[in-house]
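Student: I've got this model open on my screen. Can we go through what the labels on it rest on?

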Amino acid sequence: MKYALKNPMFVTGMIIIVLLLGSSITYSIAYDDVVPQTSMLYDQDGNLIDRSPFTPLQVAPFGTDKYGYHLFDQIIIGAKYTIGIAFLVASMRIALSFVAGVVGGTYFRRTLRSTSGFVDAMQYIPISLLCYFILSGVLMENGMEGTFQFSFLERMVFEIVVLTAVAIPTTTTLISNETHAIWGKGFIEGAKTLGGSRVHILIKHILPHLGPRMVIIFLQQLINVLILLLHLGLLKLFFGGTFFNPDPILGDEYRSVSSEWSGLIGSTFRFLPYDTWIPLVPILFFVLVIFSVNLLLEGFKQLIEKQTMPRSRKVIRSDSNKKSYDPNAFYFLERTDRGEERKTASR
Amino acid sequence: MGNMGRIGFQFIAAFLGVLLLGSTPGLFNGMKLDLGGYMKRLQRTIDELIYFQQLTFRSGNESYQLFPLIYEYLFYSIIILFSALILAFIVAFLFTYVTYISPSFIQKWFKRVAFLTESFPDVFILAIVQIGVIWVYKKTEVLLMDVAAYERIYTMPILILSILPTFLLYRIMIHVLDEEIEKPYVELARTKGLEPTKIFLVHIFRNTLLSTYFHSKSIVWFTLSNLFIMEYVFNLNGLIRFMYEHPTPEIFTVSALLLFIPIFLFLTVYQLVAERTAQEEALM
């Protein structure tokens with residue numbers, strides 16, 4: 001971890017994410033998540049210049065949406081939800097499939113191999129479509145009655161559970177394969193010969209080797225969840241639920257219950273041709289977060305390579321780093337019995 | 001023959017898996033886990049699959065026969081998917097070659113750009129394309145892509161879909177290239193006076209083929225997800241949007257199976273080709 005702070009990629013990624021999360025939490029403590037609204041702009045004489053939505057040039061820094069709510073503040077408020085959910089879902093995926101994968105890869109290798117064929121089926125269905133089918137019944141507001149069937153908390157828990165569950169089969173297979181691969185390595189054979197029990201080898205040898213791989217898989221899952229959220233948002237399935245307001249004249253309107261980013265995108269994507277910035281700003285923030293996770297990932301990979309690879313193959317031969325010393329600065333001790341003792345002990 | 005048996009087993013297992021997945025929407029009754037409902041749903045889907053010719057779908061107030069109309073949707077999606085993948089492979093390979101022959105400071109920049117693009121989600125690419133199409137239209141009055149058209153268009157969707165897999169494949173190929181170049185056989189070939197281009201085309205290409213195979217499933221799956229979002233955003237009449245618009249379990253299962261079969265065949269053929277060429281390499 002100490003080395004991680006020296007890797008520029010890792011640090012940059014970390015800083016961006018911490019900044020976003022930190023400002024988001026500070027904002028909700030300081031301003032209680034109230035979004036400033038500018039629905040009309042007047043010039044100096046008090047004449048109406050323009051009405052919302054405003055471009056980023058009119059209202060800094062990112063403009064406003066159709067109702068005049070400032071996009072920047074919405075983004076900041078939404079950050080903690082989007083990043084938080086992605087973090088939560090990815091960690092749950094990893095935690096569950098870590099347990100299942102390690103146990104499976106150690107004890108039930110044969111059973112897992114026969115089920116991997118079924119798991120393969122996941123590769124032939126777009127995951128966002130599958131999630132949409134499962135979630136739409138619960139998350140969509142009933143347009144006729146204007147009510148949700150379930151409470152906000154229930155919907156949130158349900159979505160997290162589903163988003164976690166859809167990836168469990170693939171990640172479990174992945175981790176069990178990794179575990180199995182480590183079991184096959186030479187030094188495990190050595191540990192076995194020396195009489196290490198299975199549990200001992202698992203804890204002392206397998207898990208430390210699995211650690212770095214788990215971090216990599218976790219970061220990959222983080223990106224995976226972010227993209228999944230983005231897709232679901234585009235399909236008008238927003239985190240925590242969607243208000244659905246059928247409007248035959250101006251087009252149906254969907255609004256997000258929380259001001260989570262994918263909701264901001266999904267509800268405004270159709271404005272892309274004329275009010276480009278409204279959906280583009282949250283999309284760019286998605287890109288930023290995915291980019292910083294990628295930085296973390298790449299930085300971490302570099303760290304591991306540095307640790308496992310020999311530092312450098314070149315041997316530097318030069319006299320310049322040989323330190324010269326003055327022999328007169330030393331004097332030699334008589335050999336004593338204590339010195340002898342220490343020598344034998346260390347042997 | 002062992003090969004055929006293995007592939008057959010894989011096919012059947014994945015087929016059953018798709019079948020089981022197709023009924024998952026029946027697993028939840030509201031928010032409760034409903035295993036009984038799932039089994040019932042599964043049984044009904046299988047019953048309906050046996051008489052698949054009689055399946056219907058609703059559009060507006062009318063009811064239509066699902067077969068053979070669904071094939072049109074299927075072919076459209078599959079053609080776009082495979083063309084984009086093949087195009088991506090070719091372009092990525094060309095880029096890899098260009099990287100291989102260019103000096104190292106350019107190589108560094110290529111890699112940086114590829115790393116940056118890896119962070120672009122498909123939605124971002126689609127948004128950029130849409131903005132680009134409008135911009136071009138405003139400037140030149142040339143409509144590159146008519147999003148509202150009902151007829152099936154090919155060129156633009158294939159080009160757009162191939163963008164992200166290209167970068168993905170490029171990253172993989174560059175990684176393989178870096179590993180291969182260090183190997184003794186490349187050094188040997190070089191000392192024997194073989195041209196760098198020939199080494200690249202004959203030897204490194206084969207190994208690239210094999211190692212892309214290990215990633216092929218996830219690449220195809222990733223592209224499939226992209227295809228879905230593209231069909232949705234651009235109103236393309238493909239099978240995946242059809243699934244989205246007709247969210248019944250039987251249509252979901254049937255469409256998923258129809259998608260699964262050609263993709264499975266495609267990957268299997270690719271696997272066999274890659275293994276064969278890699279074997280030749282081992283023999284040489």
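Predicted model: local features only at pLDDT ≥ 70, side-chain atom pairs only at ≥ 80, totals over all residues.

Student: What makes the 123 residues a nonpolar core?

Tutor: They're called that because each is a buried residue of a listed type, such as Ala, Leu or Tyr, and they're joined through C-beta atoms within 7 Å. Among those touching the most other members are Ala86(A), Tyr124(A), Leu222(A) and Met230(B). Helix 9 (residues 277–308) of chain A gives the most to this core, 14 residues.

Student: How do you know what Leu222(A) touches?

Tutor: Contact here means C-beta atoms within 7 Å. Leaving out residues up to four places away in sequence, Leu222(A) touches Ala86(A), Phe87(A), Ala90(A) and Val293(A).

Student: And where chain A meets chain B, how many residues take part?

Tutor: Chain B puts in 41 residues and chain A 37. On the chain B side, helix 1 of chain B has the largest share, with 9 residues.

Student: Why are 32 residues on that side called nonpolar?

Tutor: Because they belong to a set of types that includes Val, Phe and Pro. The rest of the chain B side divides into 7 polar and 2 charged.

Student: What are the domains of chain B, and how far apart are their C-alpha centres?

Tutor: Chain B is split into domain 1 (2–53) and domain 2 (69–245), and their C-alpha centres lie 32 Å apart.

Technical notes. Residues numbered from 1 in each chain as written. Chains lettered and ligands numbered in written order. Buried ≥ 20, exposed ≤ 12 C-beta atoms within 10 Å, placed from the backbone. Helix = DSSP H or I, 4+ residues; strand = E, 2+ residues; numbered from the N terminus. Contact = placed C-beta atoms within 7 Å. Domains from an automatic or database assignment.
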